Amino acid sequence: MEDMETTDPDSTTINNSKQDEAEPIEEDVPVKAEETEEKEDDDEARAEATFRFKVENLSKLQDSVLSPPCIIRNLPWKIMIMQRSSQNGDRTQKSLGYFLQCNGESESSAWSCNASAELRMYNHKDDNYFKRNIDHIFYSKENDWGFSIYMAWNDVLDPDRGFIKDDSVIFEVKVNADAPHGVSWDSKKHTGYVGLKNQGATCYMNSLLQVLYFTNVLRKAVYKMPTESDDSQKSVGLALQRVFYELQTLDKPVGTKKLTKSFGWETLESFMQHDVQEFLRVLLDKLEMKMKKTCVEGTIPKLFEGKMLSYIRCKNVDYKSTMSESFYDIQLNIKGKKSIVESFQDYIQTETLDGDNKYDAGSFGLQEAEKGILFENFPPVLHLHLMRFQYDPITENPVKFNDRCEFPELLDLNEFIQDKPGANKDDMKYKLHAVLVHSGDNHGGHYVVFINPLGDGKWCKFDDDVVSRCTKKEAIEQNFGGDGDDTTAVRHCTNAYMLVYIQQTRLTEILSSVGEEDIPEALSNRLQEEKKLEGIKRKEKAEAYLYMNVKIILEDSFYGHQGNDLFEIEGANMLEFRVKKSSTLKEFMAMMSEEMKFPVERMRPWPLNSRTNNTLRPSLTEIEDGNKAMSEVAENQWIIYLEMMTPEQPGPSLPTFDKDKDVMLFFKYYDPAMKKLHYMGHLYLSISTKLSSILPKLCQMANIPTNSKLLLWEEIKPNFTEQINDVEQPLEHILEELMDGDIIVYQLDVPQPNDYELPTAKEYFKDLFYKVEVNFCDKNKPLDPGFTLELSQRMNYDTLAKRVAAYLNTDPCLLQFFKTISYRDGPGQPLRCNFEGTLKDIIQFVRPKQVRRVYYQHLQISISELENKKQFKCIWISSNLKEEKEIVLYPNRNAIVSDLYEEARRCAQIQLDPNGSGRLRLIEIVSYKIHNIVSPEMAVETLLQQAMSASNKSFRLEEIPVDELEIQEGDYLLPVAHFSKEVYTTFGSPFMIKIKKDDTMESVRARLQERLAVPDKEWEKYRVALVIQTKAHYLDEDDKIINFKDLRGLQQGMKPWIGLEHLNKGGNKRTRYCTEKAIKIYN
């Protein structure tokens, strides 16, 4: 037989119209016991099934054949058999193609289903099967999977092989499928629970939310948090209540967008996978804070807080040092550990302090001792994080360990707890409640969670929006990790990374059922009201095509307007009506009359039309044709000016308006002294009216003498006004293309003082045309809202600089400006101080409706001087290592590092120690460690290029300590860095120390303490180590002289350094030396 183990599974595209479907068979074929276990023939939602297919006349098979469907997970599965041919040199080889097809006739492209299967062929001779395994995610483009070369065709047809009998072969498939995505899968029906929608990369969060939801006693406490007065958009507590409430009451998957929005996360953060442990801690901290001073205060620590005791116990004297610490989770090392019991044993493993590493026991001197950890108590809900993701110090990248590590369903922790008289041993037995699983590598992947909701051994798999029943084996054993019996890549990288155990004696209490009575009535009413409003909005959106919006502006809005036309459409105070498109104009007017409590006959609508010259002016609608449908008046939106009769106007109704003989004109009055426009009102005039006849009326409207001489202008379009000289002509001859809504601007015709900036309306409108609001932001302040100035687009660079400098109260020469990069709304190239364009050129590439923005920064030197220099940012640290600040230096373009020193002294940004050396050096820092002392001869340009290529690299300027000025033969200058637990978890501000030839460990420790000015009591918590090739050698024997052989690596490029191990009180703070983004919940 051909060696079939070399063939790989694949897919084929088949034309269904050419496939023959065979009839189901009734055959006395032996079925193994494992095939009949937990068989659910009547359950189409079943996860597993075995079905058979007999292909007759196999030797004559030409086209592919399909079996009848077998329904698994509500999807049709079929066996597909065909004869395949392949070319091997000059020979054509035939083989049996054997595939499993899923949902083959579906036209949908949105579905997927992950399944594993055993493709079997029955052997009549030995009453057994030939088998091959597949594991595949089936979807529309790959809806079949199997083997193009399952077995050589001749071997199948050879009677001696035992597969063919009476020219028939029996095929059998055992399928195990996950619940499908993108098809009609009813999680609530099949499991009683619902899932959570994935926003993009929030499966890690969904898994944790389900775990917290099924910690029932926590769910009850979350419901009881007082959130009545909380902002529905920003309250994390209310958002979590909403998610829990919907998980409990809805029948469909629940969304989490409101929750992430309450975190203050932007959309991008919802598409980033974060560290699960860090997210859980941040969320629990936020909940604990929200619960303070409420009836559920203390719930989080009561459920999740445990205590551990760190100790050092001397072997030969009666001396012991202990420190109690609380924990909310435990991180277990799984590398090389067979089970988490071994991980716990490793966690409490004692370390012997002897030889060079003896413990300083105070008055007892250096003593041999044991250092270790004991657990004082475990919390009722125990979170265990399996350390599958760890930092590789060689590659300086995180890696994932897929090692096998078993975990039991019942975990006995008695051997790890500190002995207490009278303690109940059963309290230390924990039942497995949840298994959080990751598939993928350190770069990303997918998260799911298996939960035993009732603690009764019945498990469910929560895969985002899909929830399905699963076996205990799927939930526990298949997530131990390692290769096991399955060598597929998917299984290899699928394993548990977090476990949740619950104290068995408190299982009933913690998982006690949560009913409607546990949800406060006020909360339930609020969330139901929210749902109603959302339903109304959805309905409105769905029926939007039946309606149109009518926006109404009243004449009151024209007063005070200083621009073109009658009002600014953006920001205008408008009334809005939602009107059925099928209703008539008469019905609309009646509705408006009723809403505004104003008679119909005293109102007249004037639609606002956009003219070809980019103006928006009123025009007449014939109300007489009241039976005209609203859809004939406008399509989806209608903006109208509603003329309403004033109390001063005589008569019961508005005067009649003859559209053929009358015109409605609007009037504005311009005051050059104040540079302001005043709206005067409107008039109905006959088109034959001479303008001179209404001049007294215009004067009266402006409250000036009626015989005043006027200058008149027609406002035609932005930056285009035309003076009216002949007022004795009728309106139809004076105004260009006389139309309703035309505007006349007038002013007093008197000699104007020379100091009027804009003496005429024409100049006012010209200036208005070039006016623009510009937002100025400091480029060195993230998310700076800045300030806004109204400027002219015609102003040049100097005028711009003066206006901004006046606002900032600084010298214009000490400002540098930057254009905006429109596609990312950030600072772009700097503007040179001799820029010859105008403000219009600076902001010309801003997209429509985008804020016109210019960035600036303050300078220490004039802009003209700066443009002949480089800009170099670094950190200055004080001689006592206590104060750091960022400084900006401006060396010449061809400067070297020694020039930076002179520049730093000259610009007075640094303060040297009066008793110091007065000499400077530049340090290169990478990940909180000193990487190099930069040569004074190195070009600054080189450093700038290095800084751009490495995000975790920075430079620090410092004064050289006096004792480090001269390094004698045999002395070494070593870097010192702070670290916590592991040498790669560095933090804080590193520094240098000189190691002398005759230095003892005691003298080095003393100098380190003096350099840091750490009090004696605090210094006791520090351990000093010499780190060589990422391994820490602790320096605990005071009188031992430093072995300089350990420092040879300094000359071989290995760069040993001194590490100070102590608690990082700043947490995982990333400040000046790292750009990693921590998880934050902002609200």
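**Reading strands and salt bridges**

Modeller: In strand E31, the bridge partner of Arg604 is Glu643. The model is predicted, and local features need pLDDT of at least 70, side-chain atom pairs count only at pLDDT 80 or more, while totals for chains, interfaces and linings use all residues. Residues are numbered from 1 along each chain as its sequence is written, and side-chain values use heavy atoms, with hydrogens and water left out.

Colleague: In which sense do strand E29 and E31 pair, and over how many bridges?

Modeller: Strands of a sheet pair through backbone hydrogen bonds, either parallel or antiparallel. Strand E29 (residues 603–610) pairs with E31 in the antiparallel sense over five bridges; two strands pair if DSSP finds at least two bridges between them, and strands are DSSP runs of at least two residues, helices (H or I) of at least four, numbered from the N terminus. Strand E27 (residues 547–553) is joined to E31 by five bridges as well, and these two run parallel, with Gln637 in E31 as the bridge partner of Asn549.

Colleague: How many of the residues of strand E31 are buried?

Modeller: Buried means under 20% relative accessible area, exposed over 50%, and partly exposed in between (1.4 Å probe, protein chains only). In strand E31 (residues 637–644), six of the eight residues are buried, so the strand is largely enclosed by the rest of the structure.

Colleague: How many salt bridges does the count come to?

Modeller: A salt bridge is a side-chain nitrogen of Lys or Arg within 4 Å of a carboxyl oxygen of Asp or Glu, and the count by this rule comes to 35. One of them joins Glu105 and Lys78, whose closest N and O atoms are 3.0 Å apart. This pair links distant parts of the chain, 27 residues apart, with Glu105 in the loop between strand E6 (91–102) and strand E7 (112–123) and Lys78 in strand E5 (residues 75–88).

Colleague: Is Glu105 buried or exposed, and is Lys78 buried or exposed?

Modeller: Glu105 is exposed, because its relative accessible area is 60%, whereas Lys78, at 6%, is buried.
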